Amino acid sequence: MKKLVVVGNGMAGVACVEQILRHAAAFDITIVGDETHVNYNRVLLSSVLAGERSPDEIVLNPLDWYRQHNISLRVGTRVTDVDAARRTISDDGGAITAFDVLVLATGSSAWMPSIPGLDKNGVFVFRTLDDTRALLGRAGAGVKAVVIGGGLLGLEAARGLQVQGCEVTVVHLMDTLMERQLDPAGGTYLRDKIEALGVQVLLGRRTQALLGGRDVTGVEFSDGSRIDADLVVVAAGIRPNVDLGRKAGLTVNRGIVVNDYMETSHPDIFAVGECVEHNGVCYGLVAPLLEQAKVLAATISGHRGPTYAGSVQAAKLKIMGVDVFSAGAWEDGPGASPVRFEDPALGVYKKVVLRDGRLSGVILVGDTSDSHRYMDWLRTGADLATHRRQLLFPPPAADTGLDVAQMADSATVCGCVGVTKGAIIGAIHQQGINTLSQLKEATRASTGCGSCTSLCQELLKAVAPEFEEEAPKVLCGCVPFAQENLREILRSQRLRSVQEVLDIYGDGRGCEICKPALSYMLDMLWCGDHDEDRSARFINDRVHANIQKDGSFSVIPRIRGGVTTPDELRRIADVADKYRVRMVKITGGQRIDLLGIRKEDLPNVWADLGMPSGQAYTKGVRMVKTCVGTDFCRFGTQDSTAAGIEMERRFEQLFTPHKVKMAAVGCPRNCAEATVKDIGLIGIDGGWQVVVGGAAGKSVRRADLLITVETTDAALDAAELFFQYYREHANYLERTYDFVERAGIDKVRKETVYAPDPVKAGLRDRLRKSKGRARDAWQEGHAPVHPTQFIPLQPIDQAIS
Ligand SMILES: Cc1cc2nc3c(=O)[nH]c(=O)nc-3n(C[C@H](O)[C@H](O)[C@H](O)COP(=O)(O)OP(=O)(O)OC[C@H]3O[C@@H](n4cnc5c(N)ncnc54)[C@H](O)[C@@H]3O)c2cc1C
Ligand code: SF4
């Protein structure tokens, strides 16, 4: 079997191997890479730096993939020489490896300008996962970070560092940002957006030296001015890694020169990716190198035929809320007819340049929703004579399916990974694909920046025989992120108000779905220390009462553990008389409901009651039902009433993903139905069983046993751990019974009651912080609550003894 050796375990090298495997060509394959990781999506390093993804989430081919395909992988190994005559490579471990076919896929390295001080501690580049980890290690609140370079990479690095809490300055040699992708007007719009994020931008500055001793402390410019810096990122450009090409005696200009078949000047040595130069162009983007990889795989596998004709370059800035897209030749000049639109108030700038009636280039800042249409026109060279009125704004998409149908098969759907409409349709037909996850696995489409996801869905809908719409994983159309990711984004980007989130990650307006969900997430994440926006809450939350079908309201005061006093009952009766309450009803949760109250009477009703709100109107803690337990029942083994009252006191006034109903019973006869509650305490001889995830409403589910403990203290502690864990991990509007089933009780146990001590301490601590900030809704600016209702948290043994 022929020995195929690939140098470089990056995106292009591995993409080429993937394609060779598809050709079923028989090779004994070795991949040698000097990074210490399996193949990952380098494009997404920016989102790792910004805390939007973990390193694990950007892996493209896990170790198993190499094993399954019998690929010998040598990571952490640098190839130092190529002997083209003997057909061997040498590496820094001293090994010599023979090849029949060699692929150089060595990519690029960050270009370092000649500035004194680059060797100081705290000076970084941004190219690899290790660079990203090192940056994350150094970044932090108050760290002064300077990014040298205002191109795509520099800006993404700047935003990532800023999200990590750094005070960031971008220093750029030129007079506008991203001048290779944007004209001066576009660059100015971009600068405004970057500055609005809180990143300082210095233009027209030449860096002369990096200052400091062993550690970098500042940056000096050619005009003598200086700024402080604890961390410097050099993002001044990239240079193709061509050393091995030179050593092998290949023709090398700026990159290793290849022809249309991706052949170098040596018949058995090939090159692909950022290290190559094709027709005088070195590409620095993923889509072109994936096109190259396909052609090279065909050539190597003995199907020499498809050729590489060069790629249209398109770049998209991956900073959430800063939409920038640029493609093709957008410069003015002889023969160019530019069409522009700009709206400073909206921050939108568009420039479309035609040559001979065809699109030659485009710049979009502030609104990139149309980028795939322009890419299509660029690739196909469509005659736009009849589209002139719609050059800047397409007709409203009455039928998005039609839009997809009209796309050419060769049109690229996923620009990050370079997947065409034809490839997607082919995969759907050949592999019987019916879901987006299957499509992602088969084609890798939509695994990059995610902007093509809706297009992929449209194609699936149109073509897949049994298209299955997967449960919507994103919150809603206005904030299209999975709740899990969103929680991470809010946390890492330190967002504290709903409007801020909508401005950066949404459509600026939000809807009835996302606004309450975001309100909840912010409240939970920041333990109540967030900017509360009452208008983002549901109407019931805003008026702190349940609206009834006749427009009147119902009021349910809190009656902890279902235990009340004659004094409270008298006040309730007086209120019922005074406000002519139409019905006084005992609820299923051992509480008293006053129905038919007019909205304008609500504050006075609360004041006259002098009791805290029972939170019956919100996604929060409803009640703890209790039985009489050891106090009065001959079967009672535990004091369920006191335990239930204490549990209610600990959790009340807190918001939860959905309503939470609880119960405590003194023995397994279960008179207060603890086995069908979100959290239940069941007294047994010598202890308690703590059960979670039960339901007896629209769904009926017996709760799962979380843990059996000996003391009331321990039972309440377990309940607390689960309660906070549910608050932090469930999706908004997910009841505990769905959550426990989705997560699995074993995982819930492992991450709560059986978690390491620091994890448990974290859960308790955050719960206490939230509780410390929680306020009774009826008391806020309305009415003083009866003082006896507010008993501070006290140690449980005191409370129930
Ligand atoms: C932060 C960041 C964001 C980006 N964003 C985008 C984007 O939004 N869109 C886009 O299209 N592109 C983007 N890119 C560019 C894109 O990632 C690259 O075009 C692509 O990764 C190049 O692939 P490659 O395989 O040619 O090179 P690489 O992915 O760099 O792989 C080359 C590999 O070879 C290894 N190597 C080099 N020399 C040797 C040797 N002598 N011995 C052993 N191993 C060696 C290198 O360490 C590396 O692992 C981004 C890049 C970065 C760094
Ligand atoms: S659950 Fe047990 S302790 Fe409680 S009232 Fe019923 S029988 Fe008595």
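Student: How many salt bridges does the structure hold?

Tutor: The structure holds 42 of them, a salt bridge being a side-chain nitrogen of Lys or Arg within 4 Å of a carboxyl oxygen of Asp or Glu. Keep in mind that this is a predicted model, where local features need pLDDT of at least 70, side-chain atom pairs count only at pLDDT 80 or more, and totals for chains, interfaces and linings use all residues. Side-chain values use heavy atoms, with hydrogens and water left out, residues are numbered from 1 along each chain as its sequence is written, and chains are lettered from A and ligands numbered from 1 in the order in which they are written.

Student: OK, which residue does Asp34 form a salt bridge with?

Tutor: Arg78, with the closest N and O atoms 2.4 Å apart. Asp34 sits in the loop between strand S2 (27-32) and helix H2 (45-49), and Arg78 in the loop between strand S3 (72-74) and strand S4 (79-83), so the pair ties together parts that are 44 residues apart in sequence. Helices (H or I, at least four residues) and strands (E, at least two) are DSSP runs, numbered from the N terminus.

Student: And how accessible is Asp34?

Tutor: Asp34 is partly exposed, with a relative accessible area of 43%. Arg78 is partly exposed too, at 45%. The cut-offs are under 20% relative accessible area for buried, over 50% for exposed, and partly exposed in between (1.4 Å probe, protein chains only).

Student: What does ligand 1 have from Asp34 at 2.4 Å?

Tutor: An N or O atom in the Asp34 side chain, which is 2.4 Å from an oxygen atom of ligand 1. That is a polar contact, meaning a pair of N or O atoms within 3.5 Å; within protein, one must be able to donate a hydrogen and the other to accept it, and residues adjacent in sequence count only if both atoms are side-chain atoms.

Student: Which residues come nearest to ligand 1?

Tutor: Of the 30 residues around it, Asp34, Glu35, Arg127, Glu274 and Lys318 come nearest; a residue is near if one of its heavy atoms lies within 4 Å. Helix H1 (11-22) and helix H8 (286-300) each supply at least two residues of that shell.

Student: Switching topic, is helix H5 mostly buried or exposed?

Tutor: Buried: 11 of the 12 residues of H5 are, so the helix is largely enclosed by the rest of the structure. Among the buried ones are Leu152, Glu156 and Arg159. Just after H5, Gly165 takes a positive phi of about 105°.

Student: What about H22, how many of its residues are buried?

Tutor: 14 of the 18, so H22 is largely enclosed by the rest of the structure as well.

Student: And where is Thr132 found?

Tutor: In helix H4 (residues 129-138). Thr132 is buried, at 0% relative accessibility. Leaving aside neighbours within four places in sequence, Thr132 is in contact (heavy atoms within 4.5 Å) with Leu45, Val48, Leu49 and Phe126.
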